[in-house]
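Notebook open, structure loaded. I want to go through some strands first, then a helix pair, then a sheet.

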Amino acid sequence: MKYDLIVIGGGPAGLAAAYEAYKNGIEKILILERDKELGGILNQCIHNGFGVHSFNEELTGPEYATRYIEMLSSTNVEYKLDTMVLSISNGGEVKTVEAINTNEGYLTLDASAIILSMGCRERTRGAIQIPGERPSGIFTAGTAQRYINMEGYMVGKKVVILGSGDIGLIMARRMTLEGAEVKACVELMPYSNGLNRNIVQCLNDYNIPLLLSHTITQIIGKHRLEAVVVSEVDNDKNPIPGTEQTLECDTLLLSVGLIPENEITKNAGIDIDRRTSGPLVNEAMETNVKGIFACGNVVHVHDLVDFVSEEGGKAGRSAAKYIQHLIVEGQEVTEIKNGSRVNYTVPQQIRLENISEAQEFMFRVSNVFKDVNITVRNSEGDLIKKLRRPVVTPGEMEKIKLKKAELEQAKGSLTIALEEVV
Amino acid sequence: MIEMICIVCPKGCRLSVDQRPDGDILVMGNGCNRGIPYAKKELTNPTRVVTSTVKINGGIHKRLPVKTSTDIPKGLNFAVMKELEKIEVNAPIKVGTVLIKNILDTGADIVATRNM
């Protein structure tokens, strides 16, 4: 069976990608999803706040997913559920996806193009190496979210949350509403990486303390978690002796970051950007392998699903162009570099021939900075664009858009940086 | 002058709110028009949309996600949770189906937020 396009992952990125590819004239599209339904992590994010940009209204996660699933149901896009992709080959014109499911067994599927939209996964206790015993009761926040919101299991009664990313904040409120006592939300950094609105409506509404510049230095409990020791940290993030306090709890939720899930990508020999942990992409969301595109949290971790959908749509349109032989293979590649106080940029490369009007660049800054200029300079150091911002934080993805005329001044590379206001 | 963070959208504008002696409420720092009614409500009668789940029989999951159709006074959040504990629904359910009408006389309904 030969498809025009195979989309790996049926979450928000994959759904938007498949839909846009279809709308742009691609006939045979297949989505491969490892869960038993489409929608991805949106299905467990039952809180509202999704779709403010895409639909101009405030939806819950399942409602947002339903919109896209219903849009797809009016197309001839096919999908296979409970299907795990094992590998992809990058062999030229025809690409092969190897997958398994319980109905059809081992599948070998051919396609002209592939879109990677596998999303990301949570960092675990192992990834951050908290010392202490190894009792039960320690979950990643997203796992607890799935247990409570979909499977119907309450994970604990007295809770401490490590990390103040959005999932941690959302779970603080969720556990409280379900009758648990959330003792504190503990954050290593001097600021929260979560959205301000979530600090208000998830912590402040329920008087849950946010302990900034604190971390967990000991886990206590033989069978079930009994307590955690929380310590203040200094400027170098080292625990300060004498500041230890013991918080009794039976549950610890970890909201300590997300990592793009790229095993399939790496095994296919696709170049990974060390800064994003996702594939390197160009203006078309295409990886360094022609005809393999990527979008959403598998490329870089987003704050808002609306932007994931937007990126998915872009990958879908690009894949359609590729299949229709409309992508211009540019002779010259302009590198996008991250300058001072910028951690990464997406895309990392552009081909001017494929940009008709403008190109948007997404990036994250390395710390909280007040009153700074976001600057874009060319390979000779000439200033091409400058935007003044009252405050930037690593928790919020920044965007800057350059018109084609501005991009043409690059002379080989563009550097996005934060500079002092002078 | 009261400082607050607008929670209408993910942008999270920092608002400065001033209640004048004549009762008028002045709002500054709002990035869009929705910030003004939010700040006024937050000062007089803060409201929230409550999202949670109810038990469902015969669905692919054990819980069906639900929400209040509009925002309700935030002091009623836990009372709404108690009401949700009392109900059980049977699949199939369509997104938007009203499961409890006019919950606790707030004027808001409890509606399903997905098909199951």
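Before looking up partners, a reminder to myself: I count two strands as paired if DSSP finds at least two bridges between them. Also noted: this is a predicted model.

**Entry 1: β5 and β6 of chain B.** I started with strand β5, residues 51–57 of chain B, and found it joined to β6(B) by five bridges. The two run antiparallel. I then asked which residue of β6(B) is the bridge partner of B:Thr51.

**Entry 2: burial along β6(B).** Is this strand, residues 63–68, mostly covered or mostly open? I got mostly covered, with six of its six residues buried. In a regular strand, side chains alternate between the two faces of the sheet, so I sorted them by direction. B:Arg63, B:Pro65 and B:Lys67 point one way, while B:Leu64, B:Val66 and B:Thr68 point the other way. All of these are buried, whichever way they point.

**Entry 3: a helix pair in chain A.** Helix α1 (residues 12–23) and helix α2 (residues 61–73) of chain A pack at about 30°, with axes 10 Å apart. Angles under 35 degrees count as roughly parallel, which is why I wrote down α1(A) as roughly parallel to α2(A). The crossing of α1(A) past α2(A) is left-handed. On the α1(A) side the contact is made by A:Pro12, A:Leu15, A:Ala16, A:Ala18 and A:Tyr19. From α2(A) come A:Tyr68, A:Ile69, A:Met71 and A:Leu72.

**Entry 4: a sheet in chain A.** Last, I traced an open sheet of five strands in chain A, in the order β24-β22-β29-β26-β27. The pairing is mixed. Its edge strands are β24 (349–350) and β27 (383–392), each pairing on one side only. Further in, I counted seven bridges between β26 (residues 369–378) and β29 (residues 413–420), which run antiparallel. There I found A:Asn373 standing opposite A:Glu419 in β29(A).

Note on methods. Residues are numbered from 1 along each chain as its sequence is written. Chains are lettered from A and ligands numbered from 1 in the order in which they are written. This is a predicted model: local features need pLDDT of at least 70, side-chain atom pairs count only at pLDDT 80 or more; totals for chains, interfaces and linings use all residues. A residue is buried if 20 or more other C-beta atoms lie within 10 Å of its own, exposed if 12 or fewer, and partly exposed in between; C-beta atoms are placed from the backbone. Helices (H or I, at least four residues) and strands (E, at least two) are DSSP runs, numbered from the N terminus. Axes are lines fitted to C-alpha atoms, for helices over the stretch in contact, and angles run from 0 to 180 degrees between N-to-C directions. Angles under 35 degrees count as roughly parallel, over 145 as roughly antiparallel, 65 to 115 as roughly perpendicular and the rest as oblique. A crossing is left-handed if the near helix is turned anticlockwise from the far one by less than a right angle, and right-handed if clockwise. Two residues are in contact if their C-beta atoms, placed from the backbone, lie within 7 Å.
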